[in-house]
Amino acid sequence: MIHNEQVLLMRRLRMDGKSQRQAAAMSGMGERTARRWSKGPFPSECERDRTWRTRADPLEGVWEEAVVPLLQRDVDPVLQGPTVLELLMDRHPGQIDRRHLRTLQRRIRDWRAVHGAPKAVIF
């Protein structure tokens, strides 16, 4: 993957009079790649955010029915991911297992950031 710094270095070397081959070699890219990045936007300006899922959601159907009501009742945020996972494994055997713990922890963290109790602000 080509980085902005490499492209910037290659373009500076080309302005200083280096050949395409020399500038490419000195900036750590191939000659053809240097030709491609000699004009136009930088690599970071061409990147797009991924908006699609790469895997099926393991908590689909379980999150809204079982986890959100638990989190809403948890006024003092003491409920942790492993506890919720154990409960889900008992209620939904075969659908949820230990490998979904980190996904569940991330989802709980994100839910609490948006819907949870406000944190105390100390100045």
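Buried means under 20% relative accessible area, exposed over 50%, and partly exposed in between, with a 1.4 Å probe and protein chains only. The model is predicted, so local features need pLDDT of at least 70 and side-chain atom pairs count only at pLDDT 80 or more, while totals for chains, interfaces and linings use all residues. Residues are numbered from 1 along each chain as its sequence is written, and side-chain values use heavy atoms, without hydrogens or water.

Start with helix 1, residues 4-15. Helices here are DSSP runs of H or I with at least four residues, numbered from the N terminus. The expected span is 1.5 Å times one less than the number of residues.

Gln6, Val7, Met10, Arg11 and Leu13 are the buried residues of helix 1. Viewed down the axis, they fall within an arc of 160°, so they line one face of the helix. That arc is taken from the directions from the helix axis to the C-beta atoms. The face turned away from the buried side carries exposed Glu5 and Met15.

What do the buried residues of helix 1 pack against? Their partners are helix 2 (20-27), helix 3 (31-36) and helix 4 (43-46). Glutamine 6 has a relative accessible area of 18%. Beyond its neighbours within four places in sequence, glutamine 6 is in contact (heavy atoms within 4.5 Å) with Met1, Ser27, Gly28 and Met29. Glycine 17 follows helix 1, with a positive phi near 105°.

Terms used: Helix = DSSP H or I, 4+ residues; strand = E, 2+ residues; numbered from the N terminus.
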